[in-house]
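Open the model in your viewer and keep the selection tool at hand.

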Amino acid sequence: MSENNNKISIKQSMILFIILFCAPAIRYIPLYSSARAHQAAWLSPFFAFVLLIIYALVWSKFAEKFKEQSFVDIIKNILGNVAGNIVILIYWIWITIFLAYNVRMYVVRIVVSAMPNVSVLLLCGVMLIMISFIVRKGIVNLARMGELFFLILTLIFIIYNVLIIPELDIYNLYPITYKDVGGIIKGSFPILSIFGYNVLILFFNDKITYTSDFKKVATKSVLILSIISLIVIIVSISTFGWKIISTMPVPYLNTMMQISLFDVVERIESGIVMFWILTDFILIAVFTYSSIHIIGKSLKINETRPLISIYLIFIFFLAVILANSSIELQTFSENILTPTNIALGYCLPIIIFIIGKLRKKV
Amino acid sequence: MIFFFVFVIIITVYENYCIVKNCTMDKRNKKYIFITYYIILILTVSSGIYYYLNVNGSSLFYNLFKFLNIHY
């Protein structure tokens, strides 16, 4: 870990990115992909992998050219001050709405899976108070926490996926024909959508020390994310079949409920609930840090800590008024969030890169 | 609900005190941070009032879907 001027290493930033990906991945990818690509959904990560590798190269170019500069500075440098500020404002609004959405989604998930009848206000409040303490400590502490959680999360993920193997029915993944190509492409949208979170890491690029090869680490991360997507889809669809999975609110959790150790120990899905809470915690903390960092960088404020509390109180109220049910959250996720994520997290950085190339700034 | 508004007032007074007393920040920084703080505070109070008036009413997403004609 880098101790240089309160900065984190490339590896730590990628660990944070992988954890960010995990929380929505296990909730959303099997549901969305199986509804679009049916039994061929498990091929979607392969298609997504190709697109993600292309993006990882663009990301590496940015990182190499604008070493230790925030994405805010990169946007202003390439697009100019006026257009740059408009794009940054759009990104900030997107991150704020997305943060509130994720807080609400975390609460809904906890209420559905572990704590029915618990007040939404209480769960939101407790989470955001914890987040405000962590974000105040800065990105280094967050990254260290991410490293620690990463080990626990990897263990949980591997153990649960090994335990579910006896329940898998490989015939649920077939047949596959050339007619599934369209579905496979559509099924890769959630992976691309969640990959859009890389922009958050780019926003605090100035807090990353470049001691190792960025391209190599980014490519490895893309590979890990594709493998996670592949495992999550295969496990869910081969256990229940795509028809049932596409109608379940939390398919991966329901799949893990099928684990049975020698027909003696059953219903051990609490580990997955813990997995969700840890990943959601890191996700909400990174979103908050990025959002506050954007304000600081764009207004050139060197001390942003006084804004954290009021910003999180705003997020609290926003999360509470966003939706009344999980159906509304799911509809928002499918109809609005997925295309917006792909546009802002995947397409817009590529467009900025092309403009930078044309203006000979990259 | 009143508890939350009291909480917001306490946090605001405390943070404003911290900003004013902070020696590491120059005048420009303090000005910008105050402006940003009060913009976020206005957003917070607006969303708080919206929540207070719509406790069992329609959510933001419901209104958005209605506007965009999205059925669910």
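**Stop 1: the enclosed space**

The count comes to one cavity of 30 Å³ or more. A cavity is a set of points on a 1 Å grid over the protein atoms alone where a 1.4 Å probe fits but cannot get out. This is a predicted model, where local features need pLDDT of at least 70 and side-chain atom pairs count only at pLDDT 80 or more, while totals for chains, interfaces and linings use all residues. Residues are numbered from 1 along each chain as its sequence is written, chains are lettered from A in the order in which they are written, and side-chain values use heavy atoms, without hydrogens and water.

The largest cavity has a volume of about 50 Å³, taken as the space filled by probe spheres set on the points, with grid points joined across faces, edges and corners. Select its lining (residues with an atom within 4 Å of a point). Among them are A:P24, A:R27, A:Y28, A:F98 and A:Y197. Which helix gives the largest share of this lining? α15(A) does, with four residues.

**Stop 2: the largest pocket**

Now look for open space. A pocket is an open set of points with protein on both sides within 12 Å along at least five of seven lines. The largest pocket holds about 530 Å³ of space. Of its 21 lining residues, select A:K207, A:Y289, A:H293, A:N302 and A:T304, the closest to its centre. Next colour α5 (120-137), α6 (139-163), α13 (270-298) and α14 (305-322) of chain A, the elements that each give two or more residues to the lining. α13(A) gives the most, with five residues.

**Stop 3: where chain A meets chain B**

Show both chains. Here 33 residues of chain A are in contact (heavy atoms within 4.5 Å) with 36 residues of chain B. Together the chains bury about 3100 Å², 77% of it on carbon and sulfur atoms. Buried area is the accessible area (1.4 Å probe) that two parts lose on being put together, summed over both. Select A:I310, A:F317 and A:I321: they supply 22% of the area that chain A buries against chain B, more than any other three residues.

How many salt bridges cross this interface? The rule (a side-chain nitrogen of Lys or Arg within 4 Å of a carboxyl oxygen of Asp or Glu) finds one. Zoom in on A:R136 and B:E15, whose side chains meet in a salt bridge at 2.6 Å, N to O. Finish on α14(A): with 14 residues, this helix gives the most to the side of chain A that touches chain B.
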